[in-house]
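Please find below a note on the model under review.

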Amino acid sequence: MRGWFYILMTALFMLVAASPGMAESAPAPGAIHLSMRLVAEREAPAAGGHTTLAIVATPEKGWHGYWKNGGDAGLPTEAHWTLPKGVSAGELRYPVPGRLKIAGLMNYVYERPFTLLVDLSIPAGLAKGTPLPVTVKLDYLVCTDTICVPESQTLSTKLTVGDGAVAPVTRAEFDRWRAALPRPLGGDGVIETQGKQVRIAVPLPASVAVRDVYFYPERSGIIDHAAPQVMTRSGDQLILAMPAAAVPTPGPVSGVLSIGEGQGLSFAAKPGAIAGASGSADHGFGAIALAFLGAVLGGLLLNIMPCVFPILSLKALSLAKGGGDERHARTEALAYTAGVVLVCVGLGVVLLLLRAGGQSAGWAFQLQDPRVIGILLLLVAGIAFNLAGLFELPTPAFAGRSGAMGSFATGALAAFVATPCSGPFMAGALGAALVLPAAAALAVFAGLGIGIALPFIAIGFVPALRRRLPKPGMWMVRLRHILSVPMFLTALALSWILGQEAGVTGMTLGLAAALIASLGFWWTGLRQHGGKGHAGWPAIVALVLAIGIVVTVKPAAAVAKATADTAFTEAKLDDLRKQNRPVFAYFTADWCLGCKVNEAAAIDRSSVRDAFQRNKVAVLVGDWTDGDPVLGRFIERHNRAGVPLYLYYAPGAKEPQVLPQVLTPSMLEKLGA
């Protein structure tokens with residue numbers, strides 16, 4: 001059928017090229033606009049082995065080739081092989097494509113050089129030196145924005161049965177080409193069609209950050225290619241919602257999930273029901289109002305948290321010093337509210353922008369960066385020492401300072417310091433905000449700020465509440481000292497979080513920075529108590545140095561990957577086997593949900609670690625997150641296309657035992673016993 005299409009396209013092209021109006025713009029008949037060459041990874045493959053062939057394609061400027069599914073237009077490359085007896089060729093493997101929308105039609109294309117790979121199997125029993133001539137005729141479509149041309153090329157190479165060696169230069173080329181291929185996800189997705197809406201759920205750990213997410217189906221009749229795709233995250237599922245094709249064809253579907261920077265994951269999706277946020281969720285007034293109310297209640301309850309209560313208490317008591325001036329009280333209440341709401345909405349804007357860019361982010365997203373934790377640690381420590389009486393903050397400041405600017409700064413500080421805290425109603429309200437339209441979502445974030453500011457608004461606008469506040473006195477100094485305790489506890493909690501994210505080294509750097517900043521605060525206090533004004537240059541130097549230290553803190557994961565002595569290499573594996581050590585080697589990736597489940601449920605259990613230590617089982621970890629081609633070749637040698645892969649090398653055994661893809665602790669505890 002496709003052969004007739006190529007004939008028809010050729011005839012139409014000749015008619016168009018011959019017409020007077022198109023004679024100058026049409027390409028010359030017989031010209032090649034997508035040059036191709038055939039390269040073999042092993043020019044002397046071993047009998048019974050295989051070699052990979054690369055079809056290296058380079059489009060002429062302004063032209064493009066097509067993926068296996070061309071989208072709304074286009075055709076895949078057809079390969080017709082002429083091979084020696086017994087030699088067989090696999091399917092063409094395509095790199096992750098790009099998108100090109102022309103006149104409302106979405107095309108899945110390659111506008112830059114790309115490479116197709118195909119595996120060639122060599123039969124056993126052939127003598128060395130046996131020639132293996134290989135010829136392939138390629139039929140394909142190549143287009144510009146205005147014209148399409150069917151082209152055909154015949155490529156040949158001559159292989160010889162040999163020892164299967166690969167030249168280093170050739171290997172480097174093939175490693176680069178393999179890195180452009182989508183990596184097998186290792187788990188099935190789910191596709192659900194409801195009327196004119198299609199949703200596809202992909203098992204992907206919530207910790208995996210993605211951007212420019214797009215699903216490329218391998219066949220047409222599934223989705224409207226030109227329509228936008230809406231992404232949401234629901235736990236360890238990534239859910240894409242999009243309009244269905246005009247004439248949908250039911251059944252399972254395979255495809256590629258593009259996750260940004262030219263990377264993609266291939267997977268299959270089976271029909272089923274998807275639990276989680278729906279792309280056609282109710283975004284009516286009732287849902288928005290419920291989310292807004294939940295945010296207000298969640299923000300209100302945040303005021304009793306140790307990170308907010310001291311600031312609110314002292315700010316409220318500061319009104320007692322202002323007497324009964326109604327205008328003054330309301331001005332401070334409104335300024336405080338403005339500071340709180342502005343910070344909450346600002347964080348919401350950044351959060352929505354990150355998610356619009358395809359990243360997995362939620363409330364307090366900034367706390368995933370240990371540098372932000374370090375800055376918060378310095379800030380909370382400064383507040384704690386201020387409450388303890390070590391020094392006084394200059395105006396505009398928080399507790400105890402009057403004036404609109406001081407109240408605004410206090411509100412902004414309270415909202416920012418509140419980000420490590422969470423409370424009832426917040427999770428549901430902010431989770432709903434992430435699937436609401438942008439304007440409604442920002443209203444929910446504003447509701448959170450209003451909830452935080454609500455007690456101070458009530459005190460500022462209700463004179464009866466202010467009259468119930470105790471009169472100023474020495475007791476306020478003692479209260480400040482008491483309220484420093486929860487702030488010191490908050491600083492301690494932030495230190496623990498910093499240790500979780502950046503390890504012992506990161507926590508040590510954070511505490512060292514807090515110590516240096518505290519010395520600066522102490523110096524400031526000495527100057528203030530001596531009547532010499534506020535901070536001198538030593539205090540400023542100390543604070544700058546402390547900030548400089550915390551911004552150098554790196555996540556522990558990045559450090560661990562760079563220094564892990566358990567990282568898999570074949571040289572390390574060979575060395576351990578020469579020592580007659582039992583070895584458990586497992587291959588994983590951050591985007592592999594099945595891998596993470598096995599690690600949490602079996603590999604990382606204390607009973608398994610104790611058994612490995614008792615039986616002297618060495619553990620090697622192959623991290624294939626970035627598609628390392630060296631690991632990829634090793635995985636392929638064990639008849640696997642992707643991760644997870646679990647191998648146990650018993651002492652003296654020639655081949656490893658390939659363990660099941662679903663592990664149990666008892667299964668691993670028996671290794672080496």
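**Note on the predicted model**

1. Overall confidence. The protein chain has an average pLDDT of 81, and 81% of the residues score at least 70.

2. Disulfide count. Two disulfides are found when the whole structure is searched. They are taken in turn below.

3. Cys143 and Cys148. These two cysteines form a disulfide in which the sulfur atoms are 2.0 Å apart. The link of Cys143 and Cys148 is right-handed, with 115° about the S-S bond. As for burial, Cys143 has a relative accessibility of 0% and therefore counts as buried. Cys148 has a relative accessible area of 27%, so this residue is partly exposed; the cut-off for buried is under 20%, and that for exposed is over 50%.

4. Cys592 and Cys595. The other pair, Cys592 and Cys595, is joined by a disulfide with an S to S distance of 2.3 Å. The torsion about the S-S bond of Cys592 and Cys595 is about 80°, so this disulfide is right-handed. Cys592 is buried, because its relative accessible area is 0%. Cys595 also counts as buried, at 0% relative accessibility.

5. Cys344. A further cysteine deserves a remark on accessibility. Is Cys344 buried or exposed? With a relative accessible area of 1%, Cys344 is buried.

6. Cavities. How many cavities of 30 Å³ or more does a search of the whole structure find? There are two. The largest cavity holds about 40 Å³ of space.

7. Lining of the largest cavity. The residues lining the largest cavity are Leu34, Met36, Gly65, Tyr66, Leu75, Pro76, Thr77, Phe114, Tyr140 and Leu141. Strand 1 (34–40), strand 3 (65–71) and strand 9 (131–143) are the elements that give two or more residues to this lining. By class, eight of the lining residues of the largest cavity are nonpolar and two are polar, while no charged residues are present.

How values were computed:
Residues numbered from 1 in each chain as written. Predicted model: local features only at pLDDT ≥ 70, side-chain atom pairs only at ≥ 80, totals over all residues. Heavy atoms only, no water. Disulfide = S-S within 2.5 Å. Buried < 20%, exposed > 50% of the residue type's maximum accessible area, 1.4 Å probe, protein only. 1 Å grid on protein atoms, 1.4 Å probe; cavity = no way out; pocket = protein on both sides within 12 Å on 5 of 7 lines; lining within 4 Å. Points joined across faces, edges and corners; volume = space filled by probe spheres on them. Helix = DSSP H or I, 4+ residues; strand = E, 2+ residues; numbered from the N terminus. Nonpolar A, V, L, I, M, F, W, Y, C, P; charged D, E, K, R; others polar. pLDDT = per-residue confidence, 0-100.
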